[in-house]
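Visitor: I have a model open and would like to learn how to read its packing. Could you walk me through a few features?

Guide: Gladly; let us look at it together.

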Amino acid sequence: MGQTSTPPGPLTSAAADFERELARYEKIAAELSRNPVRSQKTLARTQKLLSESTECEQALGLRLRSLLEAMNGARDRQQQAMEQTLGAARALETRAVEFSTLIERVAALGVRARETSEPALEALSESKQGDQGGALIRSLEQLGDRMTTIIKDADQIARDADTGDWPEVARDVQSLKQQVIAAHGKLVQATSAASPRILS
């Protein structure tokens, strides 16, 4: 199947019309300069050519005005495209800053989660090995409090990502949040299991 040709725009059409009329005018002028007037026939021919040249001059004036109008229209289209491009560039810059800020917050949250999960794993291991001292309980409670704060912060970042229409970031934060919630649940269970032994 052949491709459908795009119809010429106003500027192309106006320029083509002007070019055709100019070529016609040049042809008449060249013929006038080549044919000396030596008879009634050549006199009549020259008069006809001069009349045609006058018509061409008038037509060229009209074509030129149309061309100038088309050029002004093209300039307006160019200006509109420039404004749209500039707007897109500004929007991109704003979005890039938003994304960078969100990613920095997510990265910092991830660091905090790792810094909390590593000692939490150690505390859980100690709890399973039978270490039920008061210091361990306090450590478990403190780690649980830190995880609770991380979960709240993850919620806020996820809300900001949703509001800013960053679905991938929101999903990543929710995934991290679920990991922290799972670890927090184990801490709560370990703390509850250890506390009665301390009191008994």
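Visitor: Which residues does Val-173 touch, not counting residues up to four places away in sequence?

Guide: Contact means heavy atoms within 4.5 Å. With residues up to four places away in sequence not counted, Val-173 touches Val-106, Leu-109, Ala-154, Ile-157 and Ala-158. Keep in mind that this is a predicted model, where local features need pLDDT of at least 70, side-chain atom pairs count only at pLDDT 80 or more, and totals for chains, interfaces and linings use all residues. Residues are numbered from 1 along each chain as its sequence is written, and side-chain values use heavy atoms, with hydrogens and water left out.

Visitor: Which residues touch the most other members of the largest nonpolar core?

Guide: In soluble globular proteins, nonpolar side chains tend to be buried together. A nonpolar core is a set of buried Ala, Val, Leu, Ile, Met, Phe, Trp, Tyr and Cys residues joined through side-chain atoms within 4.5 Å. Buried means under 20% relative accessible area, exposed over 50%, and partly exposed in between, using a 1.4 Å probe and protein chains only. Here the largest core has 22 residues, and Leu-109, Val-169, Val-173 and Val-180 touch the most other members. H2, H3 and H4 are the elements that give two or more residues to this core, and its largest share, 9 residues, comes from H3. A second, separate core of 5 residues includes Ala-14, Phe-18, Leu-60 and Ala-70.

Visitor: How are the helices assigned, and where does Ser-53 lie?

Guide: Helices (H or I, at least four residues) and strands (E, at least two) are DSSP runs, numbered from the N terminus. Ser-53 lies in helix H2 and counts as buried because its relative accessibility is 9%. Leaving aside neighbours within four places in sequence, Ser-53 is in contact with Tyr-25 and Ile-28.

Visitor: How many aromatic pairs are there?

Guide: Rings of Phe, Tyr and Trp (its six-membered ring) pair if their centres lie within 6.5 Å; planes under 30 degrees apart count as stacked, over 60 as edge-to-face and the rest as tilted. The count by this rule is 1 aromatic pair. Phe-99 and Trp-166 form a tilted pair, because their ring centres are 5.2 Å apart and the planes are at 45°. This pair links distant parts of the chain, 67 residues apart: Phe-99 is in helix H2 (residues 40-128), and Trp-166 is in the loop between helix H3 (134-163) and helix H4 (167-199).

Visitor: Is Asp-165 buried or exposed?

Guide: Asp-165 is exposed, because its relative accessible area is 55%.
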